[in-house]
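Here are a few exercises to work through with the model open beside you. Try each one before you read its solution.

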Amino acid sequence: MMDTFLDFMLGPMRSIGNFYFENQLILNALIVGIALYKIVSSKKKKAKNEPVS
């Protein structure tokens with residue numbers, strides 16, 4: 001019965017959630033990798049723009 005209520009309330013988000021939980025390790029690794037890349041690339045840009053004294 002609870003499953004029926006969840007299907008009705010969440011609709012298509014239910015299948016997206018199932019996909020996420022099945023592939024959680026891969027998706028989380030991708031998100032962390034993208035975040036680290038952005039942090040490293042922003043530090044490199046700051047280093048290039050600073051004047052040398």
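**Exercise 1.** Which helix gives the most to the nonpolar patch?

*Solution.* Before you start, note that this is a predicted model: local features need pLDDT of at least 70 and side-chain atom pairs count only at pLDDT 80 or more, while totals for chains, interfaces and linings use all residues. Residues are numbered from 1 along each chain as its sequence is written, and side-chain values use heavy atoms, with hydrogens and water left out.

Step one: list the members. Met1, Met2, Phe5, Phe8, Met9, Leu10, Met13 and Ile16 make a nonpolar surface patch of about 990 Å².

Step two: assign them. Helices here are DSSP runs (H or I, at least four residues; strands are E, at least two), numbered from the N terminus. H1 (2-10) and H2 (13-22) each supply at least two patch residues, and H1 comes out on top with five.

**Exercise 2.** Check the length of helix H3 and say how well it is covered.

*Solution.* Take 1.5 Å times one less than the number of residues. For the 26 residues of H3 (residues 24-49) that gives 38 Å, and the end C-alpha atoms are 38 Å apart, so the two agree. Isoleucine 31 lies in H3 and is exposed, with a relative accessible area of 54%. Its C-alpha atom is 17 Å from that of isoleucine 16, 15 residues away along the chain.

**Exercise 3.** Describe the fold and overall shape of the protein chain.

*Solution.* Start with the elements: three helices and zero strands, in the pattern α-α-α. Next, the radius of gyration, taken over C-alpha atoms, is 20 Å, whereas a compact globule of 53 residues would have one near 10 Å (the rule is 2.2 Å times the number of residues to the power 0.38). The C-alpha atoms fill a box of roughly 70 × 20 × 15 Å along the principal axes. Finally, buried residues make up 0% of the 53.

How values were computed
Patches are made of residues with over 30% relative accessible area and no salt bridge: like charges are joined within 9 Å, nonpolar side chains (Val, Leu, Ile, Met, Phe, Trp, Tyr) within 5 Å. Accessible areas come from the Shrake-Rupley method with a 1.4 Å probe; for residues, only the protein chains shown count as cover. A salt bridge is a side-chain nitrogen of Lys or Arg within 4 Å of a carboxyl oxygen of Asp or Glu. Buried means under 20% relative accessible area, exposed over 50%, partly exposed in between (1.4 Å probe, protein chains only).
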